[in-house]
Amino acid sequence: QLFDKLAAAVEALPFESNWERFMFLAKKIPTVFVYNWRPATIAIERVAGLFGLNRNQLTDKYRKKNPGFMHGGYMIRPSPAMIQDMETATDLMHWEELQVEATRKYRHFLNSMSPEAQEKVKVFGSDTSCCYFFARFPDTVNSRTHLAKNGIISITNQTFLPFHKEDQHLVDHMIALPSFFALTDAELSKVARICEDTWRVVGGLGGSNSNDDDSNNVVAEDILSDGE
């Protein structure tokens, strides 16, 4: 009986039209370029600079205007094209390979910093990561400002939310870093060094020891944004 009620409720929903599906995907084309093609990232950042937007403002505004997932209006039945896309995602081997690579990248990131810093940046104390590469920081605003100053574009956490209010501290000050998939191991080591420096400057880890010199400054040409 419960199944019949659920089935009837789903069947009563309107279908996503082909036009709506097309427009939703078309809006993701810039995001694909930003994630995977560095010249696009560089060009967008420089154009945004002409309008007075810094790295964090650019990221926040873009994410708000063009989120990776629908934040409303999703009570619809998927279009046939959407169902076809979902069927292609059933090859679990591909996703397992991505997870293995994500974990390798994240562990390289952790191993590029001191043990003290590792324990600070780990989310839930884990040394594994999904395809969104999060790290903990002493705060959100000042930490993101320091990261941006050193060339790292970041986004605030809107992915992990606590079930209970008393668990809010577990997800406070989680920040998504650039997509590790797009970075070389050498670039990951630079990101790790800057994250540790952020903990020193903003969080007082081991005393302030900022290294805002040319060797520590990784500009946007070197580091890509993650994003949702």
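1. A friendly place to start is R200: at 19% relative accessibility it counts as buried (buried is under 20% relative accessible area, exposed over 50%, partly exposed in between, with a 1.4 Å probe and protein chains only). Its salt-bridge partner is E196, with the closest N and O atoms 2.8 Å apart (a salt bridge needs a side-chain nitrogen of Lys or Arg within 4 Å of a carboxyl oxygen of Asp or Glu). E196 is also buried, at 10%. Both residues belong to helix α10, four residues apart, about one turn of the helix (helices are DSSP runs of H or I with at least four residues, strands runs of E with at least two, numbered from the N terminus).

2. Before going on, please keep in mind that this is a predicted model: local features need pLDDT of at least 70 and side-chain atom pairs pLDDT 80 or more, while totals for chains, interfaces and linings use all residues. Residues are numbered from 1 along each chain as its sequence is written, and side-chain values use heavy atoms, leaving out hydrogens and water.

3. The whole structure holds eight salt bridges. One of them joins R55 to E45, the closest N and O atoms being 2.3 Å apart. Because R55 lies in helix α5 (residues 55–65) and E45 in helix α4 (residues 38–50), this pair ties together parts that are 10 residues apart in sequence. R55 is buried at 17%, and E45 is buried at 15%.

4. D60 and R144 form another salt bridge, with the closest N and O atoms 3.2 Å apart. This pair links distant parts of the chain, 84 residues apart: D60 is in helix α5 and R144 in helix α9 (residues 141–149). D60 is partly exposed at 34%, whereas R144 is buried at 5%.

5. Turning to the rings, a search of the whole structure gives nine aromatic pairs (rings of Phe, Tyr and Trp, the last by its six-membered ring, pair if their centres lie within 6.5 Å; planes under 30 degrees apart count as stacked, over 60 as edge-to-face and the rest as tilted). F109 and F180 have ring centres 5.1 Å apart and planes at 50°, so this pair is tilted. F109 is in helix α7 (residues 92–111) and F180 in the loop between β3 (174–176) and α10 (185–203), so the pair ties together parts 71 residues apart in sequence. F109 is buried at 0%, and F180 is buried at 0%.

6. Do look at the cluster as well: ring pairs link Y106, F109, F133, F180 and F181.
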